Amino acid sequence: MKKNDRVIICGGGPVGMVAALALVKQNIPITLVESFSEPPKDPRAATIHPSTLEMLSDVDLAKMVVKKGLIAPKFQFRDRKTQEIIAVFDMAHLSDETEYPFSVQYEQWKLVRDALNSVKRYDIADIRLGRKAVAFSQDYDGVTLITENVDGELEKIEGKYILACDGGPSTVRLGLGVFMSGFTWGERFLVLTSKHDFEANDGYTIRNYVMDPTEWCAIFKVPGDDEDGIWRTLFPTKADETDTDLLSDAGVSAKVGGLRFDMNHHDILHRNLYTVNQRVADRFTIERIFLAGDAAHLNNPLGGLGLNTGIHDCMNITKKIGDVWYKREKPEIFELYHRQRHQLATEFLQSVSIENKKRIEETDPEVIRTNQKNLRESSEDPVKAKAWLMRSSLLDSVRKEATIE
Ligand SMILES: Cc1cc2nc3c(=O)[nH]c(=O)nc-3n(C[C@H](O)[C@H](O)[C@H](O)COP(=O)(O)OP(=O)(O)OC[C@H]3O[C@@H](n4cnc5c(N)ncnc54)[C@H](O)[C@@H]3O)c2cc1C
């Protein structure tokens, strides 16, 4: 008989760590296994949408995020060549829909750190940092996870369920043989971080999408390690450009210098290159094992949807685990997790993130004109602006989830 008195969480990124907090707050013991010994500070997700702030409020993290993050009440679309401001969306249009009519720029590693600090206060939380999951199994009375530390020592952990939050290359998803349908973009994305103040110098807002048929970019401010604010610029690359060329001083200077003639590699604090996928796992629930976050779906970062929808997954599944744990529901409810989150990942997340990319990189001059006209009209008409923001901030997606049976 297995010791099935806990939920095992594989992966302590933002999704796994928030899931851990959501479970211990329901008095459900957890063991969380994370291969890193502390949250890595690589520049990944930073935009937290209103729908996610609402959920973070349920685990007492929203106040901290709002206090320490940068509030972004508006976001901007520009044309790169003309530098014309095409549209400014004011999130105040969401005031009657949410307590949080703004997004917050807050680096994901800080969210992980805050969630970890909260989880650690619960003695029913067993956090294993610096341990990697290497194998697992499940049967009628529970699950087993085998972990390995840096010295190659193995340990067996038993539990009732495994929540796989182990990111895109998920060991658990691969071990289950669950296929991720979709595709990988030919180009990669280059993220360059600088101190150049695009707000004070160039009139940008905290979140900006700069449209261009050959070299679009996205520009965001995040608090940075010293909280003084740093700026991330995200550029597409060409399929045949090598890592060495793109990350070289000359490569970096070419990208950033094209945007601001007076900037070059000396202004760049960090340079990172990412492969971009649009994929959804074919199953999110496999008996006692559940996939959440990047382990379940991957998308391009335009619109800042990956981390947000990952948190939405984990709040959905941890609620259902609680319902089954305390016998308010039968385990069949887990199938609903698959139906709800798989449908939204397929129909909503993929279509919105692909739409965001296609709009910003459009090459047909006629379509560019139409897109820009539509954006401007949507941003200026309060009804249209609200509808646009309900979709982009994932409030529509959360409401739709409640209707999927
Ligand atoms: C350039 C870029 C910008 C982005 N911007 C945004 C944005 O603005 N907004 C947004 O919402 N999303 C954004 N995203 C996406 C976002 O970063 C991811 O969706 C998010 O990190 C997913 O969180 P996660 O916890 O599911 O996975 P991860 O953050 O990948 O965490 C998985 C964790 O599991 C651990 N792990 C993996 N395998 C094992 C194992 N075998 N054993 C133990 N531990 C393991 C890893 O160490 C890691 O800590 C961006 C992504 C990129 C690349």
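Let me start with the aromatic rings: across the whole structure, which is a predicted model, a search turns up 18 aromatic pairs. One of these joins Tyr161 and Phe290 in a tilted arrangement, with 5.6 Å from centre to centre and 45 degrees between the planes. Since Tyr161 belongs to strand S12 (residues 161–164) and Phe290 to strand S21 (residues 289–291), the pair ties together parts that are 129 residues apart in sequence, and both residues are buried.

Tyr161 also pairs with Phe334, and here the ring centres are 5.2 Å apart with the planes at 75 degrees, so this pair is edge-to-face. It again links distant parts of the chain, from Tyr161 in strand S12 to Phe334 in helix H10, 173 residues apart, and Phe334 is buried, as is Tyr161.

In strand S12 as well we have Leu163, which is one of the residues touching the most other members of the largest nonpolar core, a set of 70 residues. The largest share of that core, 9 residues, is supplied by helix H1 (residues 14–24). Beyond its neighbours within four places in sequence, Leu163 contacts residues including Val7, Ile9, Phe290 and Ile317.

Apart from this lies another core, of 24 residues, with Phe77 and Met211 among them. Arg359 sits in helix H10 (residues 333–361), counts as buried at 15% relative accessibility, and makes a side-chain polar contact with Asn356 at 3.4 Å. Phe77 and Trp388 also belong to one aromatic cluster, together with Phe75, Phe89, Tyr209 and Phe220.

Finally, on charges and rings, the charged end of Lys357 sits over the ring of Trp185, 3.7 Å from its centre.

Methods: Residues numbered from 1 in each chain as written. Predicted model: local features only at pLDDT ≥ 70, side-chain atom pairs only at ≥ 80, totals over all residues. Heavy atoms only, no water. Core = buried A, V, L, I, M, F, W, Y, C linked by side-chain atoms within 4.5 Å. Buried < 20%, exposed > 50% of the residue type's maximum accessible area, 1.4 Å probe, protein only. Helix = DSSP H or I, 4+ residues; strand = E, 2+ residues; numbered from the N terminus. Contact = heavy atoms within 4.5 Å. Polar contact = N/O pair within 3.5 Å; in protein donor to acceptor, adjacent residues only side chain to side chain. Phe/Tyr/Trp six-rings, centres within 6.5 Å; stacked < 30°, edge-to-face > 60°. Lys NZ or Arg CZ within 6 Å of the ring centre and 35° of its normal.
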